[in-house]
Amino acid sequence: MPVLPEHGQLALYSVFRHVDQLKDNTTVPVIVRNLRLQPENQNDEDVVQVNIKGASLTLEGCTIKAEGDTEMHGAYVGAGELTLINTEILDFKAEQGAGVYVASGATLTVKGNRNSMSISGNTAEQGGGIYVANGATLNVSGGSISYNKFADEAENSAGADIYLAGEKAVFNLN
């Protein structure tokens, strides 16, 4: 399994550029450790994207923090699996799933201790911390998903920390 040491943003974007060219059902486990990402006003792209069926990305000891008035997800899991181990996702804004958006068929796993695994300070109408779409899976075995909030004056606000969208959204707490 490839492991990327702390080399900054360029290494992560380089990995995603190559991973995005693979076909669905390709198993590509990748681990990224100790990376710090602080996007500024990038309103059209999410910081971390996993969009390949069968792909697996693990972020361990990373910090993804929005700076300025950033309108995007901290992470978007469109297909495949994203595992967060002792990673922080902080201060993002989006309509749904500002911290992490998990699309149908995708999986998010959150592991770690309360002091170093944190999804907080994110703002959305639904799922400020994590939005789990109908047919998606969220596995939590530690960490803190707290202090997220609703968007100002949002009429359909729900699930400031975690929002499960539909009866087929799966939430496993270990």
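Tutor: Start with a definition. A patch is built from residues with over 30% relative accessible area and no salt bridge, and nonpolar side chains join it when they lie within 5 Å. Keep in mind that this is a predicted model.

Student: Which residues make the nonpolar surface patch here?

Tutor: L164, F171 and L173 make a nonpolar patch of about 280 Å². Take L173 as the example. This residue lies in strand β17, residues 170-173.

Student: Is L173 buried or exposed?

Tutor: Exposed means over 50% relative accessible area. L173 has 62%, so L173 is exposed.

Student: Now the whole protein. How many helices and strands are there?

Tutor: The protein has one helix and 17 strands. Of its 174 residues, 48% are buried. The accessible surface is about 8,600 Å², and carbon and sulfur atoms account for 43% of that.

Student: What share of the contacts joins residues at least 24 apart?

Tutor: Take the contacts between residues at least 6 apart in sequence. Of these, 83% join residues at least 24 apart.

Student: How do I read the nonpolar core?

Tutor: Think of buried nonpolar residues joined through side-chain atoms. The largest such core here has 34 residues. Those with the most contacts inside it are L59, L84, V100, L108, I119 and I130.

Student: Which element gives the largest share of this core?

Tutor: Several strands give two or more residues, including β2 (29-33), β4 (48-60), β9 (107-112) and β13 (137-142). The largest share, four residues, comes from β6.

Student: What does L108 touch?

Tutor: Leave out residues up to four places away in sequence. L108 then touches L82, L84, V100, V102, I130, T137, L138 and N139. There is also a second, separate core of five residues, with A103, Y131, A133 and A165 among them.

Student: And charged pairs?

Tutor: Side chains of opposite charge can pair when their charged atoms come close. This structure holds two salt bridges. In one, R33 pairs with E60, and the closest N and O atoms are 3.3 Å apart. R33 sits in strand β2 and E60 in strand β4, so the pair ties together parts 27 residues apart in sequence. R33 is partly exposed at 32% relative accessible area, and E60 is partly exposed at 28%.

Student: Which residue forms a salt bridge with D91?

Tutor: K65 does, with the closest N and O atoms 2.7 Å apart. D91 is in the loop between β7 (88-90) and β8, while K65 is in strand β5 (residues 63-65). The two are 26 residues apart. D91 is partly exposed at 31%, and K65 is partly exposed at 24%.

Terms used:
Residues numbered from 1 in each chain as written. Predicted model: local features only at pLDDT ≥ 70, side-chain atom pairs only at ≥ 80, totals over all residues. Heavy atoms only, no water. Patch = residues over 30% accessible without salt bridge, like charges linked within 9 Å, V, L, I, M, F, W, Y side chains within 5 Å. Areas by Shrake-Rupley, 256 points an atom, 1.4 Å probe, with all protein chains shown as cover. Salt bridge = Lys/Arg side-chain N within 4 Å of Asp/Glu carboxyl O. Buried < 20%, exposed > 50% of the residue type's maximum accessible area, 1.4 Å probe, protein only. Contact = heavy atoms within 4.5 Å. Core = buried A, V, L, I, M, F, W, Y, C linked by side-chain atoms within 4.5 Å.
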